[in-house]
Amino acid sequence: MHSLIQLSIVVLLLPLLSFVILIFFNRRLPRRGDFVGVGILGTAFAISAYIFWTVIVQTYDPAFRVAWDFTWIDLGKVPGIGHLQIKMGIVIDNLTAIMLAMVTLISLLVHLYSTGYMAGDKNYGRYFAFLGIFTFSMLGIVLSDNLFSIYIFWELVGLSSYLLIGFFFEKDSAADAQKKAFLANRVGDIGMWLGILILYSQFHTFSFEQIYANLAAGKFAMSNAWLTAAGLLLFMGCVGKSAQFPLHIWLPDAMEGPTPVSALIHAATMVAAGVYFVARIFVLLTPDALHVIAFIGAFTAFMAATIAITQNDIKRVLAYSTVSQLGYMVLGLGVGAYSAALFHLVTHAFFKACLFLGSGAIIHAMHHEQDMRWMGGLRRHMPWTFATFTLATLALAGLPLTSGFMSKDAILAGAIGFANVEGGGIYYLIPVLGFFSAMLTAFYMGRQIWLVFFGESRTHLKPADNHHHGLDAHSAHDDHHDDHEVHEVSWNMRAPLVILAVLSVFIVYSPNPLDGAEGWFMKMIKTPATVVGPANHNCTALHAETPSPLMAEAFPAVETHGATDAHAVTGGEHAAATGEHAFADPRQAEIAHAAHAAHFPAIYISSIMVVFGISLAGIVFVFRIIDPDKTAEAIRPLYLFSLNKWYWDEIYQSTFIKGSVLLSKILSWFDTNVIDGIVNGVAVLVRNLAFANNSFDKYVVDGLVNFTAFSVNTTGAVLRKLQTGKVQTYVALLLVVLFGYFVFYFTRLIY
Amino acid sequence: MQHLIPIGLNHYLTISAFLLAFGLFAVMTRKNAIVVLMGVELILNAANINFLAFSKYNGGIGGVMFSLFVIVIAAAEAAIALAIVINIFKIFKSVDISSVDTMKE
């Protein structure tokens with residue numbers, strides 16, 4: 001076993017140890033055992049950092065990969081299935097090493113931060129235990145080398161998110177949110193499991209490597225549509241976990257959990273699991289499946305961004321921005337910008353964790369006030385939070401010199417390249433939605449920064465009716481807030497903010513602030529060669545030769561992409577560089593090439609969009625040239641549409657939930673009337689049959705028995721009279737019988 | 001004396017029938033156990049007369065032998081029956097046959 005594998009097993013099991021210790025013994029440990037959680041995560045991070053150092057810094061090989069597995073369950077020959085063996089295994093490649101370091105680092109920082117944020121909570125110890133099991137499950141997903149174990153850890157992540165979202169389960173809203181999250185995830189997981197079964201039915205293995213080898217060898221016996229279906233079903237798991245469009249509804253509600261949990265689960269790691277999973281199965285996704293994925297991602301990014309601009313809860317804005325950014329990542333994977341999407345996954349994890357922890361600091365300082373309308377002017381009171389929050393905001397908006405800029409632009413460049421290669425007009429919708437969402441992102445983050453940190457405190461503007469103090473005490477209470485109570489948070493909450501903010505700066509990832517591709521990340525994470533693509537190449541080549549004149553005009557740099565021969569060569573080189581397959585899908589190479597060519601147009605457009613978005617936020621909220629309230633009044637239907645989150649909750653309420661209730665009512669009716677009717681009918685039938693049987697017994701069988709007894713008795717009673725005890729009677733009888741005999745005898749003789 | 005009819009089989013049988021009738025009558029009507037036994041003797045002797053009569057008119061010695069057996073058995077029967085009657089008398093202080101009915105229902 002490779003020493004890295006051994007170390008990674010230690011990293012995997014350490015958080016589980018933390019969970020076991022804390023869930024059983026937290027009340028017996030000093031400080032409820034929070035030092036156990038922090039210490040164990042610190043150790044895990046140290047080991048992960050060593051793995052990261054070994055793999056990324058020392059080895060520095062895009063094709064680095066070590067794997068190990070063992071047979072977990074061997075059921076032998078199972079009738080109808082064949083040899084059923086379930087293996088567990090660990091794979092470490094560059095992506096795993098990066099994810100390992102990222103998850104443990106963010107988890108460590110969240111643990112540290114929580115010692116301040118959650119201090120004094122009555123379930124303090126259990127909180128750290130839940131963080132432990134969550135980290136364990138996430139690391140399990142990252143390290144798994146097969147679909148089966150990834151599914152197990154997938155469900156564990158679902159469970160731990162359920163526990164953490166509903167941590168304040170006394171609140172109805174938290175209990176509802178945890179149920180919603182769990183159910184939405186279940187819907188996705190069912191699809192994922194079906195996808196796993198399709199692949200298993202074909203190859204009789206869960207291992208990624210074997211499945212891909214079999215696919216590359218063309219052993220998929222069913223039609224291509226089945227492969228597309230398998231890919232999309234597996235993607236459904238991502239739709240649930242990464243909050244993509246039809247199932248995105250749970251993530252904003254999940255903000256009911258403690259804020260550090262939002263940072264850990266709903267920004268940095270759990271939702272990243274979906275994207276990570278799609279990256280793992282990327283090579284088996286057919287072009288058709290990728291198109292669907294790209295459109296879902298683009299739509300999610302756009303929709304969530306439009307919702308985020310009107311939300312008032314500080315965490316809800318961030319939640320919708322998370323959904324939007326996850327849409328970007330999925331879009332990136334869909335268009336084939338594999339490394340860009342994963343790059344965005346990592347950069348987003350850091351700056352979004354920073355934003356959530358910063359919002360946690362604000363909420364903590366504001367005494368659990370989450371509504372941005374009643375904040376304002378916090379930059380004077382919380383300089384550290386202000387600085388880090390702003391830096392992370394800039395990264396989220398995608399301003400140059402930040403990490404978010406590089407990764408988002410790489411995705412958008414990929415989207416442009418993809419649209420060019422596909423050539424159809426509708427495919428340009430993807431980059432257009434992407435750019436528009438980038439503008440909206442800049443707008444709503446500018447709005448948030450302004451509302452929270454600038455201007456004067458608006459605490460006193462808060463309507464008193466839902467305040468727990470009386471009207472008289474109200475203003476005094478607010479003054480109290482402003483002068484004495486809003487203060488910077490303690491060091492253990494500040495340090496994570498600073499570390500995460502530093503990780504949002506470009507230099508960590510790439511020496512060139514404009515091009516992430518020159519950095520170590522994009523060099524280490526190369527798009528793997530697809531194992532299903534070549535079949536569809538002919539049609540994409542046709543598309544490629546007829547580029548849309550519109551986009552050709554817009555992006556002269558990509559005009560030459562029609563020369564397919566040149567791209568085939570590029571594809572070959574690309575494949576040689578990744579060193580994984582002897583052949584490469586020309587389509588993939590084409591997209592990669594076109595994306596590279598679209599790099600600068602993407603930078604220009606997105607920079608303009610971001611600057612425009614921030615300026616718009618400034619015009620609206622800072623200088624109030626356009627009054628936001630009047631504008632909202634002017635476009636009230638649109639405003640309400642956004643404020644009410646596109647009415648998705650209402651739509652689901654009236655369709656799926658009402659439908660489920662109706663269905664259950666129908667089934668209940670069916671149960672009570674038909675099933676129960678049948679059962680009761682059978683019961684009545686049996687009962688009547690039993691009665692009939694009983695009567696037969698009672699009257700016929702018993703009657704016969706009694707009649708026999710009665711007749712014997714009666715006969716006996718009659719015959720008993722003959723027994724007089726008198727000899728003469730007997731003699732008389734003898735004579736009578738004798739006489740009778742003679743009469744009989746002689747009668748016979750005569751006739 | 002020609003009116004006299006020579007004694008034939010019918011005469012014997014008639015006598016025997018009368019004897020049987022008298023015996024039966026005695027057995028069925030008398031209450032005294034001794035008289036009942038006497039009736040039984042009459043019946044046995046009626047049978048003996050029959051045996052002898054048929055033996056005489058039929059030839060052979062079988063009827064005679066049979067009647068001898070009957071006489072012997074009648075003697076044995078009389079001995080046993082009288083012993084029973086004596087025991088009945090001991091128990092019931094009476095030889096009234098109608099009072100000996102403890103075996104009735």
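Predicted model: local features only at pLDDT ≥ 70, side-chain atom pairs only at ≥ 80, totals over all residues.
Which residues in H11(A) meet which residues in H13(A)?

On the H11(A) side, the residues are A:Val271, A:Val275, A:Val278 and A:Ala279. On the H13(A) side, they are A:Thr322, A:Leu326, A:Met329, A:Val330 and A:Leu333. Sorted by class, this contact has 8 nonpolar residues, 1 polar residue and no charged ones. As for the geometry, H11 of chain A covers residues 270-280 and H13 of chain A covers residues 314-334. Their axes are 10 Å apart and pack at an angle of about 5°. Angles under 35 degrees count as roughly parallel, and the two helices are therefore roughly parallel to each other.

Now one residue that brings us back to this pair. A:Leu342 is in helix H14 of chain A, residues 338-365. Leaving out residues up to four places away in sequence, A:Leu342 touches A:Leu95, A:Ala279 and A:Ile525. Is A:Leu342 buried or exposed? It has 30 C-beta neighbours inside 10 Å, so A:Leu342 counts as buried.

Next, chain A as a whole. There are 29 helices and 2 strands in chain A. The chain has 751 residues, and 48% of them count as buried. Take the contacts in chain A with a separation of 6 or more: 80% of them come from residues 24 or more positions apart.

A:Tyr212 lies in helix H7 of chain A, residues 208-216. A:Tyr212 and A:Val531 are 319 residues apart in sequence, yet 6.5 Å apart in space, C-alpha to C-alpha. A:Val531 is also among the contacts of A:Tyr212, together with A:Val283 and A:Leu284, once neighbours within four places in sequence are set aside. A:Tyr212 is buried, because 21 other C-beta atoms lie within 10 Å, and the cut-off for buried is 20 or more.

Helix H3, residues 94-117, has 24 residues and reaches 34 Å from its first C-alpha to its last, close to the 34 Å expected. In H3(A), 22 of the 24 residues are buried, which makes this helix mostly covered. Helix H4, residues 124-143, has 20 residues and reaches 29 Å, close to the 28 Å expected. H4(A) is mostly covered as well, with 18 of its 20 residues buried.

How many of the 24 residues of H29(A) are buried? The count is 0, and H29(A) is hardly covered. On length, the 24 residues of H29(A) should span 34 Å at 1.5 Å a residue, and the end C-alpha atoms are 34 Å apart, which agrees.

The contact between the chains takes 9 residues from chain A and 10 residues from chain B. Helix H29 of chain A, residues 727-750, gives the most to the side of chain A that touches chain B, with 4 residues. By class, that side of chain A has 3 nonpolar, 4 polar and 2 charged residues. The predictor gives the complex an ipTM of 0.82 and a pTM of 0.73.

A:Ala243 has a positive phi of about 55° although it is not a glycine. A:Ala243 is in the loop between helices H8 and H9 of chain A, and it counts as buried because it has 32 C-beta neighbours inside 10 Å. B:Lys93 also has a positive phi of about 55° and is not a glycine. B:Lys93 is in the segment after helix H3 of chain B, and it is exposed, with 9 other C-beta atoms within 10 Å.

Last, confidence. Chain A averages a pLDDT of 82, and 90% of its residues score at least 70. In chain A, the pLDDT is below 50 over residues 467-484, a stretch with 14 contacts beyond near neighbours in sequence. Residues 534-583 of chain A are also below 50, and that stretch has 83 such contacts in the model. Chain B averages a pLDDT of 88, with 97% of its residues scoring at least 70.

Notes. Residues numbered from 1 in each chain as written. Chains lettered and ligands numbered in written order. Expected span 1.5 Å × (residues − 1). Buried ≥ 20, exposed ≤ 12 C-beta atoms within 10 Å, placed from the backbone. Axes fitted to C-alpha atoms, helices over the stretch in contact; angles between N-to-C directions. Parallel < 35°, antiparallel > 145°, perpendicular 65-115°, else oblique. Contact = placed C-beta atoms within 7 Å. Nonpolar A, V, L, I, M, F, W, Y, C, P; charged D, E, K, R; others polar. pLDDT = per-residue confidence, 0-100.
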